[in-house]
Amino acid sequence: MITDNLKLIRKELPAHCTLVCVSKFHDEAAIMEAYTTGERVFGESRVQELSSKFEHLPADIEWHFIGHLQTNKVKQLIPFVSLIHGVDSIRLLEEINKQAGKAGKRVACLLQIHIAKEDTKFGFDAQELRDFLLSGQLTGMEHVTIKGLMGMATYTDDKEQVRSEFRELKQLFDEIKQSFTAQLPEFNDLSMGMSDDYAIAVEEGSTLVRIGSKIFGQRIYT
Ligand SMILES: *Cc1c(COP(=O)(O)O)cnc(C)c1O
């Protein structure tokens with residue numbers, strides 16, 4: 001089933017768009033089925049679960065952290081993670097920079113932007129992001145690389161609302177890329193789109209889609 005699901009999804013994704021297989025709450029056998037068909041990028045939302053899977057599964061898997069990350073979990077995550085999607089505050093970015101420095105690493109991050117018309121989603125708003133980049137604070141953070149932006153649309157059946165939120169995020173992405181080229185030389189990724197809305201996200205310019213249930217089936221939360 002996983003193999004068939006992946007075939008369908010891959011057909012719909014353009015070449016410039018990377019599939020992040022969101023394997024949170026799914027077991028290692030499920031991940032290995034996707035791995036065997038060629039997938040190498042997996043997304044997890046809990047540090048403990050990610051580190052345990054990292055230890056048991058092939059070393060060429062690229063692990064992305066996609067959920068809300070608490071500052072007190074950063075240190076534990078650094079050794080295993082290749083991209084952190086949801087950096088939603090300066091405080092969190094500072095902690096990642098500090099712990100990455102201690103580990104002698106440079107960690108790739110996406111800044112999460114609040115695009116949904118809901119109070120429940122984390123992230124920067126557009127002006128906060130501009131102010132942060134103008135402040136020069138990033139210049140002192142040598143152990144993080146900002147690779148782009150990430151956002152989650154409102155959870156709704158209204159496709160036009162979802163589309164307009166993704167479009168807004170893409171516009172912000174283009175603006176930031178243009179205005180801060182020197183500060184952000186590796187600013188190339190836009191992470192948007194999940195199982196229910198990735199087709200729209202791809203049309204609106206996503207380069208990284210985070211797909212879970214459409215690949216692995218429903219999650220059983222434990
Ligand atoms: C769980 C999760 C996903 C995947 O959700 P699906 O609807 O199962 O595709 C994507 N992004 C984030 C941030 C998530 O937490």
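The model is predicted, so local features need pLDDT of at least 70 and side-chain atom pairs count only at pLDDT 80 or more, while totals for chains, interfaces and linings use all residues. Residues are numbered from 1 along each chain as its sequence is written, and side-chain values use heavy atoms, leaving out hydrogens and water.

Let's look into the largest pocket. It holds about 830 Å³ of space. Among its 30 lining residues, Met152, Tyr155, Met194, Ser195 and Arg219 are the closest to the centre. Helix H7 (159–179) and helix H9 (213–216) are the elements that each give two or more residues to this lining. (A pocket is an open set of points on a 1 Å grid over the protein atoms alone, where a 1.4 Å probe fits, with protein on both sides within 12 Å along at least five of seven lines; lining residues have an atom within 4 Å of a point.)

What sits in the largest pocket? The ligand does (more than half of its atoms lie within 2 Å of the grid points). Around the ligand are Val22, Lys24, Ile66, Met150, Met152, Met194, Ser195, Arg210, Ile211, Gly212, Ser213 and Arg219. This shell divides into six nonpolar, three polar and three charged residues.

The protein buries 90% of the 390 Å² that the ligand exposes when taken alone.

Now for the second largest pocket, with a volume of about 180 Å³. Its lining includes Arg106, Leu138, Gln183 and Glu186, and divides into six nonpolar, three polar and three charged residues.

One last stop is Phe25, in the loop between strand E1 (18–22) and helix H2 (28–36). Phe25 has a positive phi of about 70°, although it is not a glycine.

Terms used. Points joined across faces, edges and corners; volume = space filled by probe spheres on them. Helix = DSSP H or I, 4+ residues; strand = E, 2+ residues; numbered from the N terminus. Nonpolar A, V, L, I, M, F, W, Y, C, P; charged D, E, K, R; others polar. Near = heavy atom within 4 Å. Areas by Shrake-Rupley, 256 points an atom, 1.4 Å probe, with all protein chains shown as cover.
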